[in-house]
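Visitor: I'm new to reading protein models. Could you walk me through this one, a question at a time?

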Amino acid sequence: MISNLDPAILYKDLETDLSAFGAIMGDRNLAIEEFVSTHRETIRRHYAKAGGYPLDRATAHQAAVTLFRYLRPSPW
């Protein structure tokens with residue numbers, strides 16, 4: 001389960017799914033819109049499979065945004 005969309009927990013959870021984690025890490029240099037549109041479903045599938053915790057689309061979208069910002073923090 002995602003705890004308040006904590007990016008460190010989200011990252012750690014996804015590390016356990018090598019296929020999803022590899023895809024996410026491979027795409028970390030995409031533009032945010034492309035990353036989010038690609039990986040919100042990756043995150044939904046991971047949580048549905050790993051813990052039987054279905055995420056709604058809005059939560060999965062926010063999780064993807066949060067993860068993107070964790071992987072590529074703003075330089076400011």
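Visitor: In which helix is the place of His46?

Guide: A word first: this is a predicted model, where local features need pLDDT of at least 70, side-chain atom pairs count only at pLDDT 80 or more, and totals for chains, interfaces and linings use all residues. Residues are numbered from 1 along each chain as its sequence is written, and side-chain values use heavy atoms, leaving out hydrogens and water. Helices are DSSP runs of H or I with at least four residues, strands are runs of E with at least two, and both are numbered from the N terminus. Residues 32-51 form the helix that holds His46, and that is α3.

Visitor: Is His46 buried or exposed?

Guide: Buried means under 20% relative accessible area, exposed means over 50%, and partly exposed is in between (1.4 Å probe, protein chains only). The relative accessible area of His46 is 3%, so His46 is buried.

Visitor: With which side chain does the side chain of Asp17 make a polar contact?

Guide: Asp17 sits in the loop between α1 and α2 (18-26), and it counts as buried because its relative accessibility is 12%. A polar contact is a pair of N or O atoms within 3.5 Å; within protein, one must be able to donate a hydrogen and the other to accept it, and residues adjacent in sequence count only if both atoms are side-chain atoms. At 3.4 Å, the partner of the Asp17 side chain is that of His46.

Visitor: Leaving aside neighbours within four places in sequence, which residues is Asp17 in contact with?

Guide: Contact means heavy atoms within 4.5 Å. For Asp17 itself, the list is His46 and Lys49.

Visitor: How far apart in space are Leu10 and Ile43, C-alpha to C-alpha?

Guide: Leu10 belongs to helix α1, residues 7-15, and it counts as buried because its relative accessibility is 0%. In sequence, 33 residues separate Leu10 from Ile43. In space, their C-alpha atoms are apart by 9.0 Å.
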